[in-house]
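Welcome, and thank you for opening the viewer. Please load the model and follow along, one selection at a time.

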Amino acid sequence: MAAGDDGFPQWVVLRGRRLEVASIEDCWRIDEEWWRGRPIARLYFEALLTDGRRVTVYHDLVSGAWRRQSA
Amino acid sequence: MKLACILISHLPVEAERQRDPRLRGRPVVVAHGVGSRRLVLDCSPEADGARPGMPLEEAMGRCKGAALVEADPAHYQEVFDRLLERLEERSPEVEEAGLGLAYVRLDGLEALYGGEARLAATLLHAIPRRLDARMGIGGGKFPAYVAATLAELDRPVKAPDDVGPFLAPLGVDLLPVSWAVRARLRGFGLRTLGDVAALAVGPLQAQFGRDGRTAWELARGIDPRPLAPRTREETVVEALSFSTPAVSLETLATATDVLLGRAFSRPALRGRYAREALLGGQLFRAAGWQRRVSFAQPVGDRQRALYALRHALDTHPPPGPLEELSLTLARLTGEAGLQGSLFNDVRRQDNLREAVRQLEARLGRRPPIYQVREVESWSRIPERRQALVQYVP
């Protein structure tokens, strides 16, 4: 996963294949459990890839990692 | 109502003599097991001192030199079934009242056969002579049965319409009540049917209950019991013989598969299902063997039937090598087949529950089967909405 200067994902790697992001369909943020020692802060993107697939990915704002949301 | 009673007193002995002619002319004792005891099932008249129900050791002690034969109930029933089929070719209503005892309805048949005497002769000729059958004719089951006990071979006896005097001198042992009731009747000095008929019904009923009333009615020739004709069930039967006695289960399973293939190719089974199968055969130098399998659901194809029969062979194999194997598919359903369930999920859940229980029994612990369950469907964190939990039926 790589993000551009605007923080939006540019491409993703699925099963060893690099796929470009054609467009961002939706974007939202969640902030949970800030009252605990390990808060959750994520910026979600629903991306349309160039091969036609839709994936949901998020940027973990606490750890800085990018992950795909499978559920 | 006019009935004929066919009585074959020693059908097991005669069936064994037919199978093994060396037994003819010799005293024969047919033995069977009742629980852990060995008892006499039947014995020929030449076996002096032996009688049915006697312990085998006592019978063989009293009748030294008698030929001892192990009972083969399936064979005796097969012999009797063939006889009943021959009787049913002559009369539409035939009741099987026990092994060796049958009642045949005669009403309306005299005109077909040219009189009662010819009708009786026709029925007697339907029975193989070697079975030594006797026939009685009466206006009810009991009078016809009593007449049969008094008959000789080829000479039927007819109970008169006024049956009271006919029955009066005969012993109470003829009554179809328990041995204990007969013994108590004799204890009260009631040794003949005439003694019983002479009493009022009240004291007999007070002393013996329902059996007392039955004894009173029968002693007076009153027998309201209707004839219950046997229903002919359609079956499909296939059989084969082994060139050498088969021992291994694989051989038996292969033979069963062959028989199923033949059976399901029959036009009688086209589009129909069987609820029951009967595997049987002749053991090597021993009596017959049978295994009845009731299918949980009617089967209409060879593979499903083979699966169930193979399981039956695995869990209850024959006690010895088989010389021949037969397959009978019975309780055939109509053309409709299986009815689908409106609530498919209910049956699926029951099947799943049972499968999990069997896995747990086999593994000795909870099987590693999990399911996804909703726990916090409202959570904004997607992975918190559902959890993987162990499946519990």
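## Stop one: a sheet in chain B

In this predicted model, start with an open sheet of five strands in chain B, arranged in the order β5-β6-β1-β7-β8 with mixed pairing. Now pick out the two ends, β5 and β8 (157-158) of chain B: each has a single partner strand, so one side of each is left without a neighbour in the sheet.

Next, select strand β7 (residues 134-138) of chain B together with β8(B). These two strands run parallel and are paired over two bridges. To see where they face each other, show B:Gly136, which stands opposite B:Val157 in β8(B).

## Stop two: two loops with a positive phi

Please stay with β7 of chain B and step back to the loop between α5 (116-125) and β7, where B:Asp132 is found. Its phi is near 55°, a positive value in a residue that is not glycine. Most residues other than glycine have a negative phi. B:Asp132 is partly exposed, as its relative accessible area is 35%.

For a second case, select B:Asp154, in the loop between α6 and β8 of chain B. Here phi is near 65°, again positive in a residue other than glycine.

## Stop three: a parallel pair and a leucine

Now select strand β2 (residues 28-34) of chain B and β4(B). They run parallel and are joined by four bridges. Within this pair, B:Val29 stands opposite B:Leu68 in β4(B).

Keep strand β4 (residues 67-70) of chain B on screen and look at its two faces. B:Ala67 and B:Val69 make up the covered face, while B:Leu68 and B:Glu70 make up the uncovered one.

From B:Leu68, move across to B:Leu23. The two are 45 residues apart in sequence, and their C-alpha atoms are 9.7 Å apart in space. B:Leu23 belongs to the loop between α1 (11-19) and β2 of chain B. B:Leu23 counts as buried, because its relative accessibility is 7%.

## Stop four: the largest pocket

Rolling a probe the size of a water molecule over the atoms shows where empty space is left. The largest pocket has a volume of about 1,300 Å³. It is lined by 38 residues, and those closest to its centre are B:Glu78, B:Asp81, B:Leu278, B:Gln290 and B:Thr328. Select these five and you will have the middle of the pocket in view.

Which element gives the largest share of this lining? Colour α3(B) to find out: eight of the lining residues of the largest pocket come from it. Among the elements of chain B that each supply at least two residues are α3 (73-88), β9 (236-246) and β10 (274-283), together with β11 (288-299) and β12 (322-332). If you colour the lining of the largest pocket by class, you will find 13 nonpolar, 12 polar and 13 charged residues.

## Stop five: the second largest pocket

The second largest pocket has a volume of about 460 Å³. Of its 18 lining residues, select B:Leu7, B:Ala97, B:Leu99, B:Leu101 and B:Tyr145, the closest to its centre. Three elements of chain B give two or more residues to this lining: β5 (94-98), β6 (101-105) and α6 (141-150). By class, the lining of the second largest pocket divides into 12 nonpolar, three polar and three charged residues.

## Stop six: cysteines

A disulfide is a covalent bond between the sulfur atoms of two cysteines. How many are there in the whole structure? A search over all chains finds zero disulfides. To see one case, select B:Cys63: its closest cysteine sulfur, in B:Cys43, is 8.1 Å away, too far for a bond. B:Cys63 is buried, with a relative accessible area of 5%. B:Cys5 is buried too, at 0% relative accessibility.

## Last stop: chain A

Finally, switch to chain A. Its secondary structure consists of zero helices and six strands, following the pattern β-β-β-β-β-β along the sequence. Chain A has 71 residues, of which 30% count as buried.

Colour this chain by confidence before you leave. The mean pLDDT of chain A is 85, and 96% of its residues reach 70 or more. Within chain A, confidence is lowest in strand β1 (residues 2-3), with a mean of 68, and highest in strand β5 (residues 54-60), at 91.

Conventions:
Residues are numbered from 1 along each chain as its sequence is written. Chains are lettered from A and ligands numbered from 1 in the order in which they are written. This is a predicted model: local features need pLDDT of at least 70, side-chain atom pairs count only at pLDDT 80 or more; totals for chains, interfaces and linings use all residues. Side-chain values use heavy atoms; hydrogens and water are left out. A disulfide is a pair of cysteine sulfur atoms within 2.5 Å. Buried means under 20% relative accessible area, exposed over 50%, partly exposed in between (1.4 Å probe, protein chains only). On a 1 Å grid over the protein atoms alone, a cavity is a set of points where a 1.4 Å probe fits but cannot get out, and a pocket is an open set with protein on both sides within 12 Å along at least five of seven lines; lining residues have an atom within 4 Å of a point. Grid points are joined across faces, edges and corners, and a volume is the space filled by probe spheres set on the points. Ala, Val, Leu, Ile, Met, Phe, Trp, Tyr, Cys and Pro count as nonpolar, Asp, Glu, Lys and Arg as charged, and the others, Gly among them, as polar. pLDDT is the predictor's confidence in each residue, from 0 to 100. Two strands pair if DSSP finds at least two bridges between them.
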